[in-house]
Amino acid sequence: MSIDTATAARVAKLARIKVEKEDLPALAEEFNAILGFIEQLGELDVDDVEPMTSVTPMRLPRRVDEITDGNQQEKVLANAPDAREGFFAVPKVVE
Amino acid sequence: MLDLTYETPKVKTIAGAKQDWELVIGMEVHAQVSSNSKLFSGASTTFGAEPNSNVAFVDAGMPGMLPVINEFCVEQAVRTGLGLKAEINLFSAFDRKNYFYPDLPQGYQISQLYHPIVGEGEVLVEMGDGTARLVRIERIHLEQDAGKSIHDMDPHMSFVDLNRTGVALMEIVSRPDIRGPEEAAAYVVKLRQILRYLGTCDGNMQNGNLRADVNVSICQPGAYERYRETGDFGHLGTRCEIKNMNSMRFIQAAIDVEAKRQIKIVEGGGAVDQETRLYDPDKNETRSMRSKEEAHDYRYFPCPDLLPLNIEQDWVDGIAENLPELPDAKKARFISEFGLSDYDASVLTAETRDAEFFEAVVGGAGDGKLAANWVINELFGRLKKDDASIKDSPISPARLAQIIKLIKADTISGKIAKDVFEIAYTQDRDPDEIVETEGMKQVTDTGAIEAAVNEIIAANPAQVEKAKANPKLAGWFVGQVMKATGGKANPKAVNELVAKKLAD
Amino acid sequence: MSELNKLTIADARDALRKGDVTSVELTEACLTAIDAADALGAFVHKTPQIAMERASAADARIKAGDAPDMCGVPVGIKDLFCTEGVASQAASRILEGFKPEYESTVSGKLKDDGAVMLGKLNMDEFAMGSSNETSVYGNAINPWRAGNGETELTPGGSSGGSASAVSADLCLAATGTDTGGSIRQPAAFTGIVGLKPTYGRCSRWGIVAFASSLDQAGPMTKTVRDAAIMGRAMMGHDAKDSTSADLAVPDFEAMLTGDIKGKVIGIPKEYRMDGMPEEIETLWSDGAAMLKDAGAELRDISLPHTKYALPAYYVVAPAEASSNLARYDGVRFGHRAQMAAGDGITEMYEKTRAEGFGPEVRRRVMIGTYVLSAGFYDAYYNRARKVRALIKKDFEDVFAAGIDQILTPATPSAAFELGKEVSDPVEMYLNDVFTVTVNLAGLPGIALPTGVNADGLPLGLQLIGRPWEEGDLLNTAYALEEAAGFVAKPAKWW
């Protein structure tokens, strides 16, 4: 599997990371180096293997349905780059 | 329990310029779980709070914050599955659906793609005309709701409120078994009814607690049947998904206009693009939501912050044992037990409160049909006039049953009963007491009635002659007698006496 | 007492309890050492005021009696831990200015026990790196130098600041986190002890996530005993972390008998890599001999899927990271890029993330995005999860066959020159070759110094234990530490 610059550009877009056009070939090359390295996984027959989920069997812990959190608008907004009137403000989203 | 049987509704076709087309519709209904706190945090789910006040740090996607599941939400999903006669998966797991949006703070939604908690089920959708469609349910999964972006508060900025972020949703996915706009609306109505019976979702569409994504495609007549035989979606047309519909009326309008759009494309030699569309009710049109080059790629993978969800059969059995009687069963029982019509049974089982009220009335009155008439025609009619619902009914089931009992005992006539009802309804009084105090008891004393009949006959010789020639005119005398007795005379006795006297 | 900052936790604890020293004195000694060691780039946010307040409070508590072991002990906290009101940036520009409104469970437990936080420690950005060269703060420097040279060496990574600080006696101990070797490799490079507990032992709540299924916090200390003391304080069930194990944490220190007679130590043949430097070979066989002398039985074992560990790691870790790092979007906290006219939300995301993340983080996020993208899930991520199951089974098999611990080298080399490997990501990834299997299988592992190379640089060995048996693991490490008698310290040049 070889990654071309178009694929590199698509991945950058999906990851929402701006990559200048002139940097795409180098990026594609890096991808190829790393992917070449992980390609070895294909050597193994894993058809009948159950994926690992935990170190030793554990039951997913559950919470009771109680209100134990929230009511902290100030703290939630404290680190916001732009907060107005209780909201997070972001550049206009066009749907 | 009696199973009701229905004919399958006829498939509605839409005429294009060249030919008739059929519709194929599948739905993804998002139902908010009626929990106090969110799916993975202890923040409140209350609607309408100050912006960003019902937010835990995990809801805001703060660094290092982790989800812990709300067991009540899991239980409600299982309950819903059982209510839809669905398979419950003892093993399920949570996956992350990755995409960027300002109201999605983590950058992913925790959902269940690969292993949903509920598998295949079904919903019987009655059309009200003696037909019903059996819609197959593909799956139900639990997922987080997103927050709210507000675009109209500022010309250059969008504002984000995370109160809704992380609230538990059940996504109920149907097979493409719905064949027309009316069926689609009826499906949502029925699903909503079941959810409300189960108490797993309040069904409030206005607040967005129940909303639907509607997948619409068109096909040649006969193509759908081939799909059902083979399971091959290739027989069906390309679908478009209309997002976030929260009104029955708009659902129907949107499907109609979207189908017509697709027909126009296909008949014009074009191809429908598979895409997400929004319905604009003002313009009555659907439009594409996102530009095509930004094809979605959600990169689902198992959420590493959560272990798989294993539930125990005993637990599921316990939930199953405590399920309430559901609409189909209740309706069938009302028909068989009380001799109600299909229509009356449907009306009375629409909401559990209605059905409970009705059953309480029957319990007191002992006459199902009469009770159904009184609940549907008088009570519902009166409540509607006041824009009130059954829970605000000023008259109790016991008092309504009393009125019915008074009719059945011939103590009052049906007509007087309506007056008694009005007084009981508006003045919060006991029907027996009303009849007594207001002197509304029916006159059954034949002597008194006979005197009144004699008096009318004596005073109207000309009418007597006419009536003797044409017995149909006897009704005039009955009316006069009723008038003279203030409506309290037993109509049956009056009829008999008038006929007898005129025959003399 | 002179040079209080050079004390171990155990000695400090005993001295504090005897009243020979106060926490304020200990803390002042450390703060002085920190201020004199800016050249090491270890402490990136100093919190002297908080430290002095906590030290005074600790002294009062010790005086009142019944103080926990960690009470009054000055420690450094890796920048990956969220600390309430104190900058917590994961060494990234994207978290510039971020001051959490909450305290991570692990740093909170230490705080509750009375430990004194001296400040936040340098690391690779988002813990992605093996040399501490990806930090927005600049490099952390190894206090050790080769021979009489002046070349700056890496302290390893990602917990490079923690390693450098402990090794240079800027603090008595530090917290680290380990996703593929980020505690053990820097510990080995700096001649200290680093313990990665069993996955699920330390709560991940409040620690900036890198790869959730691999991340685990642990202590970085001067001795095995200190790792036992501090490890116990850091571990424990947390209802806020769904992957946290609901198991009691034993008194590890009480288990340090040094008696390992009859223990069976596995020597895995797959760890004997081609081209392994002779100094590492020797270190390993010397370590094995020491354990044998102490009464343990050595057994050759096979962990056949070892070679697939690094490739599996470089699927799982970037994939999870690509998702975990999606929240750094400039909306709710941290850096937001300057917008140009006409920029919308997408441009904000793309510019913010391009500016906020360094090259290695960008690379891994994009690799992770790629391996999860449509059509590749089964070929990469799901396959890697299955390979993890095979690797885990390799370990289970040998443990079932009676192996108590496994002895391996901790790193393929001694600390290398800064800037040397930064250009080749794959070469850099090979640093984790001995440590990464342990993360994939979720096992506990410990690195401890057992020797020096020809240049006088420390070298470490790794012991791998059975799940949840950190106590037994620490005891074997303790026996090895005793036998190795490693006492070398870096010559102070900073």
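Domain 1 of chain B and domain 3 of chain B have C-alpha centres 66 Å apart. The domain bounds come from an automatic or database domain assignment. The table lists them.

| Domain of chain B | Residues |
|---|---|
| domain 1 | 14–292 |
| domain 2 | 325–437 |
| domain 3 | 446–503 |

This is a predicted model: local features need pLDDT of at least 70, side-chain atom pairs count only at pLDDT 80 or more, and totals for chains, interfaces and linings use all residues. Residues are numbered from 1 along each chain as its sequence is written, while chains are lettered from A and ligands numbered from 1 in the order in which they are written.

Confidence comes next. pLDDT is the predictor's confidence in each residue, from 0 to 100. Chain A averages 93, and 98% of its residues score at least 70. Among the elements of chain A, the lowest mean pLDDT is 91, in helix H2 (residues 24–38) of chain A. The highest is 98, in helix H3 (residues 73–77) of chain A. Helices (H or I, at least four residues) and strands (E, at least two) are DSSP runs, numbered from the N terminus.

One open sheet has four strands, in the order E2(A)-E3(A)-E10(B)-E9(B), with antiparallel pairing. Strands pair if DSSP finds at least two bridges between them. Strand E2 (83–84) of chain A and strand E9 (148–150) of chain B stand at the edges with a single partner strand each, so one side of each has no neighbour in the sheet. E9(B) and strand E10 (residues 157–161) of chain B run antiparallel, joined by three bridges. Lys148(B) has Asp161(B) as its bridge partner in E10(B).
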